[in-house]
Amino acid sequence: MPAVSNGFPDTFLATTPLAAKKESNHNHTNTALLYFRHAHNAKTIFLGPMPIRDFLGFLPETDTSRMPTAVDAFNDIPKDAQAMRDISIPLIAALNEGGTRKSRCPGFVFKDTTASGLDQAKSGFLNPDICCYANEVVDLVNIEKKTAGSLGYADLYINVALNSNLEFFTDPAPGVDRSSHNFIRDIDDERTRKHSQLALGRNLACAVEAFARQHRSFYFSISLSGSSARLIRWDRAGAIASQSFDLHEEPEPLCEFLWRYAHASIPLRGYDPTVEPANSNEEDLFKRAIERHVKLQLGLSDGKAVAIALEEHYQPNTVAVINMIGEDDVVRRLLVSRPVVSPLYMTGRGTRGYWAVTADGPVNEVVFLKDTWRCNVLGMKEGDILADLLDAGVPNITRLVHHRDVLEQLSVATMIDKDAPAYKDKNDDAEISLDASDSKNGGQSTRVTYLGLQYTQTNRYQNVDWVCKGGRQKFYLPSYVHYRLVVGTAGYGLQRFRGTEELLHATYDTYQAMMSAFNIEDPDRRRLHCDLSLSNVILYNDPNVNSNVRRGYLIDWELSCLVTEAERSSNQHKTGTFQYMSHRLLQSKNTHHTVQDDMESLFYAVLYCSLRYLPHDRKPEYLAAILERLFDAGFINNDGIRMGGDGKISNMVTRCYTGDVNFASPAIQSWLEEVMNFNADYALKRDTQSAKIWADPARFAVWWREFLDAHQLLRDDRFEHWLPPPPLPRGMMSYLSTSQSSVSHRSSSGTSWYGFETSPAMKRKAEDDPADTRALKRCIPAMHQA
């Protein structure tokens, strides 16, 4: 058994790979665009400047009698530097142990990671300037850097700018009204401003990747601009930056911060203590179970094909154990490795999805784990919603295994003192002390003690006196609680369909689920899904069902809403995945959902799949333009709400984007054209039979069923169209021309400018999505100009 410190094993660190993505034409231009987007979003998530003493309160006080003196600790760091190494070399020397010099962060080592020898053109291998590693993982970093990157095991990171002119924050002068002061600097000089924005965006990108590669509830980093320093704390609600302090004049804050950090327990350093590395037996169990499931779901027998498919869910030496307590208060061990979804943004739900394997009762079952941060508001959790829908008999939705908010673990006592004290829950003062069967101990009892929930803290500070609001009335940083949901359906996303037959049958299954929830016998339980999208339809081969095609299952009910007597959503929140939202919702700031909105969203999921993955005669450049106009084009209005839908309305009126697309399959051509007519005639209020079919969801279901029965659909006609790189946003060429040198050695965690491969991470309210900074040529039909 590992040595125990602060109640936890010293080797408690578990990293997680990023979700597998296809190779893309990633280049330095894409990197700069990513940083630019992050810098734009930073204005809405950063709070500051927090007083130093308050910030240090995030870490527990500890005995500082043996702490090395802070006097002249950083005198060798220049105030202004000509090259990065002028700062990084003396800084690392001042922090690490060497000769007679003691470590300022005992048990940790700081390493220069600006250039680590990795392929910098690949997404997901972002390198901060300096990373801090626990001594126990330094060897792992060297061994696994090709898979874990610099941030996979980094306890914290330091990003460095050459001088204070590149500092992206600015503290208000004494007596200045903080309600009007902009914490993020407004820099007049264009070149300096662009360098500063790139530095800010890169800093945020590092935090995004650190959270994506580790199991974290929060994270610390340090930002240097010459000898000027700030401390930063990140969580899913936002980030808090401390006051600036000069390392020459005030070395004490950094020294005390690192000393406190070194003596803090693993949970207080931000790690999720419910996750631990799996042992070799558990890793072997996981690999074998996932391999069997891949063969079942994809119908594979070829060894090479199975190995390639296995890589999507398993990466050697990265299997972790997630200790989860369900609603029944039973502790279960789930084995996970590579997620199918990784978060692309710092704030929000930060959802990761895994194919998971049960390590105890029943062993070897492959399930799906949704690891997310839910909004801490009143209302039913997704697991409760799913349980209610299943009880009502809604078909084609996933089987609920268990779910619960993640409880913060305080101590683990395995086969130790039976009378170990229980701790009181800080939310309801209830003592929680659970005994569970532990497969690693031959089924013997394991005592686990928990305290409270894992929740964000940044939101708690958004209205304190020291926050600079930049003229805004207030910030709106939601509170999030860590939540896990386990369901019995581990399949593949709709975009992995084999052909026309599977596409139309699976989406028909989805439509049945959607309408069954809408028509539950008890009117008080009826629901609209409110987020029909490509990523929320799962293809699953049920071994108990004899079928030539995988069934479609409608998942992710977290944004669903109860239905009123007027047959619309009970609230006016604008929810959904932007690309697939109905034209009506996209054109509205906030409005009630209707069943026709969900029907239209499902249609756009089918349309996108058809354009992207079925054979037709459109050339790549033209196809890219169609996808951009129909699915991605939008803008941010003065209220900060993302609007769009012009391309969808234009296509309704004139078929200007789809009218010339000729599909190889007559059946999909016919289905798309007829459903477009149903939708368009209803939206344009035409008195036609088509409009009446769309107005009556039951009639549309009958039409769809009869269409499937009457047509011979192709089973294996999938064809993946190549897409050219997206065009640069207007004005970005000048932006890049003055900043290319500053990003020439950087990389990023990647993004999809067409938005579709990464859409699983965008399951959130539409207004929460980061602003689309591209300049888009809007196509407004004549009917909409009136």
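Predicted model: local features only at pLDDT ≥ 70, side-chain atom pairs only at ≥ 80, totals over all residues.
A nonpolar core is a set of buried Ala, Val, Leu, Ile, Met, Phe, Trp, Tyr and Cys residues joined through side-chain atoms within 4.5 Å.

**Entry 1: the whole chain.** I looked up the secondary structure and got 20 helices and 28 strands in the protein chain. Of its 786 residues, 59% are buried. The accessible surface comes to about 31700 Å², and carbon and sulfur atoms own 48% of that. I also checked contacts with a separation of 6 or more: 74% of them join residues 24 or more positions apart.

**Entry 2: the cores.** The largest nonpolar core has 92 residues, and Leu-611, Trp-671, Phe-700 and Trp-704 have the most contacts inside it. Helix α12, residues 595-613, gives the most to this core, with twelve residues. Domain 2 (274-412 + 451-490) and domain 3 (493-724) each supply at least three residues to this core. I then found a second, separate core of 85 residues, with Ile-52, Cys-131, Ala-154 and Ile-240 among its members.

**Entry 3: Leu-611 up close.** Leaving out residues up to four places away in sequence, I listed what Leu-611 touches; the list includes His-616, Leu-623, Phe-631, Val-661, Phe-663 and His-721.

**Entry 4: Cys-131.** A disulfide needs the two sulfur atoms within 2.5 Å. I found zero disulfides in the structure. Cys-131 counts as buried, because its relative accessibility is 0%.

Key:
Residues numbered from 1 in each chain as written. Heavy atoms only, no water. Buried < 20%, exposed > 50% of the residue type's maximum accessible area, 1.4 Å probe, protein only. Helix = DSSP H or I, 4+ residues; strand = E, 2+ residues; numbered from the N terminus. Domains from an automatic or database assignment. Contact = heavy atoms within 4.5 Å. Areas by Shrake-Rupley, 256 points an atom, 1.4 Å probe, with all protein chains shown as cover.
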